[in-house]
Amino acid sequence: MYISKNKEGRTIFNEGIVVMWADATQEELKVIYDLGYTNFVTKEENAESKKSNSKAKKAKNKASDKE
């Protein structure tokens, strides 16, 4: 999972890439990271997405509700 260090604003890179940080996708963050702009984006190997965390919590709540 790639994580942006910026949460707002826009950056224009030399390669002609324009990134709106609030709306940046994982694909965009990966491209920026792969170009070497590690001061803007970090890579976390063991990080789970927010969706998977919320799905796990919902499943846990459903299981506890059934008991």
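Biologist: What helices and strands does the chain have?

Modeller: Two helices and four strands. Keep in mind that this is a predicted model.

Biologist: In what order do the elements run from the N terminus?

Modeller: The order is β-β-β-α-β-α.

Biologist: How much of the chain counts as buried?

Modeller: Of its 67 residues, 16% count as buried. The accessible surface comes to about 5500 Å². Carbon and sulfur atoms hold 49% of that surface.

Biologist: And contacts between residues at least 6 apart in sequence: what share joins residues at least 24 apart?

Modeller: That share is 46%.

Biologist: Switching to aromatics. How many aromatic pairs are there?

Modeller: The count comes to six aromatic pairs. One of them is Phe13 with Trp21, and that pair is edge-to-face. The centres are 6.5 Å apart, with 80 degrees between the planes.

Biologist: Are those two residues buried or exposed?

Modeller: Phe13 is buried, at 6% relative accessibility. Trp21 is buried too, with a relative accessible area of 5%.

Biologist: What is the geometry of Phe13 and Tyr37?

Modeller: Their ring centres lie 4.5 Å apart. The planes are at 45 degrees, so the pair is tilted.

Biologist: Where do Phe13 and Tyr37 sit in the chain?

Modeller: Phe13 is in the loop between strand 2 (10-12) and strand 3 (18-20). Tyr37 is in the loop between helix 1 (26-34) and strand 4 (41-43). So the pair ties together parts that are 24 residues apart in sequence.

Biologist: Why does Tyr37 count as buried?

Modeller: Because its relative accessible area is 18%, and buried means under 20%.

Biologist: Which residues do ring pairs link into a cluster?

Modeller: Phe13, Trp21, Tyr37 and Phe40.

Biologist: New topic, Thr11. Where is Thr11?

Modeller: Thr11 sits in strand 2.

Biologist: Buried or exposed?

Modeller: Thr11 counts as buried, at 16% relative accessibility.

Biologist: What does the Thr11 side chain make a polar contact with?

Modeller: The side chain of Trp21, at 2.7 Å. Trp21 is also the edge-to-face partner of Phe13.

Biologist: Which residues does Thr11 touch, leaving out those up to four places away in sequence?

Modeller: Thr11 touches Asn6, Ile17, Val18, Val19, Trp21 and Phe40. Trp21 and Phe40 are among the residues of the ring cluster.

Key: Residues numbered from 1 in each chain as written. Predicted model: local features only at pLDDT ≥ 70, side-chain atom pairs only at ≥ 80, totals over all residues. Heavy atoms only, no water. Buried < 20%, exposed > 50% of the residue type's maximum accessible area, 1.4 Å probe, protein only. Contact = heavy atoms within 4.5 Å. Areas by Shrake-Rupley, 256 points an atom, 1.4 Å probe, with all protein chains shown as cover. Phe/Tyr/Trp six-rings, centres within 6.5 Å; stacked < 30°, edge-to-face > 60°. Polar contact = N/O pair within 3.5 Å; in protein donor to acceptor, adjacent residues only side chain to side chain.
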